[in-house]
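Please look over the sequence and the structure first, then read the points by topic.

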Amino acid sequence: MIWLLVYKLTGHCKRCGECCRKNISIFSNPTKELIEWAQARGRIRYQTDKVLLFESYCPCPNLIESEDGNTSCKIQEKKPLLCSAFPDTLFAVNEMLGLTPDMMLLEGCGFRFEGADKKDL
């Protein structure tokens, strides 16, 4: 049987810029060496023997930070699809690895993914 998990996106962008300052990487079948490397360079958000979810600080050079704490993008009209489609791009997270889209959101993000309805295809 084939099925699909369907999440409902709620919330809004708070213009905090965290998604432009930090990078989240997914590694499958992490080795001991990779885990040690990740521990030394960032924060491990989730780990099993099949997957490692790693957060690192890597600010985008196009991020503009204003004095009031809001952020914007220097290349707003030309920014990559990965950025302009955020957080919808998180729906591609692999359920087989035990990850959900909410696990990919950064702390303080105004978006949330609610529920997971299992739909048969």
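Which pattern does the chain follow, read along the sequence? The pattern is β-α-β-α-β-β-β-β-α-β. The model is a predicted one. The chain holds three helices and seven strands, and buried residues account for 26% of its 121 residues.

**The sheet**

- Three strands form an open sheet in the order β2-β4-β3, and their pairing is antiparallel.
- The edges are taken by β2 and β3 (43-47), each of which has a single partner strand, so one side of each lacks a neighbour in the sheet.
- On average, neighbouring strands of this sheet are turned by 20 degrees against each other, direction ignored.
- The antiparallel strands β2 and β4 are joined by seven bridges.
- Ser 28 has Val 51 in β4 as its bridge partner.
- In general, the strands of a sheet pair through backbone hydrogen bonds, in either a parallel or an antiparallel way.

**The aromatic pair**

- The count of aromatic pairs comes to one.
- The pair is made by Trp 37 and Phe 54, with 5.4 Å from centre to centre and 50 degrees between the planes.
- This pair counts as tilted, because stacked planes are under 30 degrees apart and edge-to-face planes over 60.
- Trp 37 belongs to helix α2 (residues 32-41) and Phe 54 to strand β4 (residues 51-57), so the pair links distant parts of the chain, 17 residues apart.
- Trp 37 is partly exposed, because its relative accessible area is 35%, which falls between the limits of 20% and 50%.
- Phe 54 is buried, because its relative accessible area is 3%, and buried means under 20%.

**The largest pocket**

- A probe the size of a water molecule, rolled over the atoms, shows where empty space is left.
- The largest pocket contains about 970 Å³ of space.
- It is lined by 39 residues, of which Cys 19, Cys 20, Leu 82, Cys 83 and Phe 86 are the closest to its centre.
- Two or more residues of the lining come from each of α1 (18-21), β2 (22-28), β6 (71-73) and α3 (81-84).
- Sorted by class, the lining of the largest pocket has 24 nonpolar, nine polar and six charged residues.

**Where the topics meet**

- Strand β2 is an edge strand of the sheet, and β2 also gives two or more residues to the lining of the largest pocket.

Key. Residues numbered from 1 in each chain as written. Predicted model: local features only at pLDDT ≥ 70, side-chain atom pairs only at ≥ 80, totals over all residues. Heavy atoms only, no water. Phe/Tyr/Trp six-rings, centres within 6.5 Å; stacked < 30°, edge-to-face > 60°. Helix = DSSP H or I, 4+ residues; strand = E, 2+ residues; numbered from the N terminus. Buried < 20%, exposed > 50% of the residue type's maximum accessible area, 1.4 Å probe, protein only. 1 Å grid on protein atoms, 1.4 Å probe; cavity = no way out; pocket = protein on both sides within 12 Å on 5 of 7 lines; lining within 4 Å. Points joined across faces, edges and corners; volume = space filled by probe spheres on them. Nonpolar A, V, L, I, M, F, W, Y, C, P; charged D, E, K, R; others polar. Pairing = 2+ DSSP bridges. Axes fitted to C-alpha atoms, helices over the stretch in contact; angles between N-to-C directions.
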